[in-house]
Amino acid sequence: PGSWGNYVMAAARELARRSAIGRGFDGVLASDVPVAAGLSSSSALVNAVGIALAAINSLDMDPMDMAGMMADAERFTGTRGGGMDQAISIGARRGHAARIDFAPLRMRHVPVPPGWRFIIADSGVRAEKSGAARNAYNLRRAECEEALGHMRLALKGSLNPRDAARGYPGLLSAVPIANVLDVGGSVLRDDLLKRFRHVVSEASRVHDAEDAMRRVDAETFGRLMDASHASLRTDFDVSSPELNELVGLAKEGGAAGARLTGAGFGGCIVALTTLRTVDRVLESLASGYYGPRGLKDHLEDRLFVAEPSAGAGVTAI
């Protein structure tokens, strides 16, 4: 338990189970992603091993099929993830963001406006999904499923069997979000209501954010990021004082919006800036957060501008 080798084993185990692969490889792993920073390095590792094994064994798989298989594979490590990390890691397109939907897993690419910049800032608080954060992460998943079960019963007259089987996507496609939230407020209590409210409101923000990016509306996109962080902080309860401080400093520096990224409980924030404001935001974060903590050594590993890049693949074989 807790060994990084489980992520290698997870991919090999799932491919062997489904495709009876027979060839392995000797390999070297190199990474410049901050460790336990909530930037999906665990899923990237599972994907890299899975893609390499598929290539070596002459398996030709659709990217989303591979992503779904690797999402199933990673549960071997004990983390009950969904599929978003695997999908973007494999299916990303250079210069684009991606709208990811579930049940079934699918992806729609959206061009990132040329003048937008996304800053990543690592809090320095390790978010160990294979360690202390795993139980809290899995608990959120269980609470969301329990809330969904109550809502299926409450709305059974409005749901056909197909929608009910599709989980949250089916629920939200069958019942207007305002009605869903009204019923949730009557049926759910305490933490279950908060978790449910976060999932439902976040789904709505995804639709609005896609529209804002297509319109090149950084102000609206930023407001949605801010609302997302507020929901993650209060309803999903996965933020931390350090993440909240980073979000505040990014906003003070002129970011259009900022929110934690990854599973929370530490790790990183992501902030949206423009070419005009990017340097000010970087300086606000460097002087306001990293300077007072004595974390300016190797700052480029903790604070950087992300580049929307292509997904994983085999470059030579």
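**The strands and their surroundings**

Modeller: Strand 1 (residues 96–101) and strand 2 (residues 106–111) pair with each other in the antiparallel sense, and 6 bridges hold that pairing. Within it, Ile100 stands opposite Met107 of strand 2. The hairpin these two strands make has 4 residues between the strands, and Ala103 there takes a positive phi near 55 degrees. Please keep in mind throughout that this is a predicted model.

The sheet you ask about is an open one, in which 4 strands follow the order 4-5-3-6 with antiparallel pairing. Strand 4 (257–261) and strand 6 (303–306) stand at the edges, and each has a single partner strand, so one side of each is left without a neighbour in the sheet. From one strand to the next, the twist averages 25 degrees. As background, the strands of a sheet pair through backbone hydrogen bonds, in either a parallel or an antiparallel way.

Going across the sheet from strand 4, we find 5 bridges that join strand 4 to strand 5, the two running antiparallel, and one of the pairings sets Thr261 against Cys268 in strand 5. The hairpin of strand 4 and strand 5 has 6 residues between the strands, and Gly262 takes a positive phi near 85 degrees in it. Strand 5 is in turn joined to strand 3 by 7 bridges, again antiparallel, with Ile269 of strand 5 as the bridge partner of Ala121. Strand 3 (residues 116–122) is also joined to strand 6, by 4 bridges and in antiparallel fashion, and here Phe118 has Ala306 of strand 6 as its bridge partner.

Helix 10 (residues 218–234) packs on this sheet, where it touches strand 3, strand 4 and strand 5 (268–274), and its direction makes about 40 degrees with that of strand 4. Strand 5 is mostly covered, with 6 of its 7 residues buried. Thr273, which lies in strand 5, counts as buried at 1% relative accessibility. Leaving out residues up to four places away in sequence, Thr273 touches Gly115, Trp116, Arg117, Ile119, Ala255, Val278 and Val281.

A search of the whole structure finds 5 aromatic pairs. In one of them, Phe118 and Phe221 have ring centres 6.1 Å apart and planes at 65 degrees, so the pair is edge-to-face. This pair links distant parts of the chain, since Phe118 is in strand 3 and Phe221 in helix 10, 103 residues apart. Phe118 counts as buried at 17% relative accessibility, and Phe221 is buried as well, with a relative accessible area of 13%. Together with Trp116, Phe118 and Phe221 form one aromatic cluster.

Finally, Glu242 is found in helix 11 (residues 241–252) and is partly exposed, with a relative accessible area of 26%. Leaving aside neighbours within four places in sequence, Glu242 is in contact with Ser123, Val125 and Tyr289. Glu242 and Phe265 are 23 residues apart in sequence, and in space they are 9.6 Å apart from C-alpha to C-alpha. Tyr289, one of the contacts of Glu242, has the charged end of Arg293 sitting over its ring, 3.8 Å from the ring centre.

Technical notes: Residues numbered from 1 in each chain as written. Predicted model: local features only at pLDDT ≥ 70, side-chain atom pairs only at ≥ 80, totals over all residues. Heavy atoms only, no water. Pairing = 2+ DSSP bridges. Axes fitted to C-alpha atoms, helices over the stretch in contact; angles between N-to-C directions. Contact = heavy atoms within 4.5 Å. Buried < 20%, exposed > 50% of the residue type's maximum accessible area, 1.4 Å probe, protein only. Phe/Tyr/Trp six-rings, centres within 6.5 Å; stacked < 30°, edge-to-face > 60°. Lys NZ or Arg CZ within 6 Å of the ring centre and 35° of its normal.
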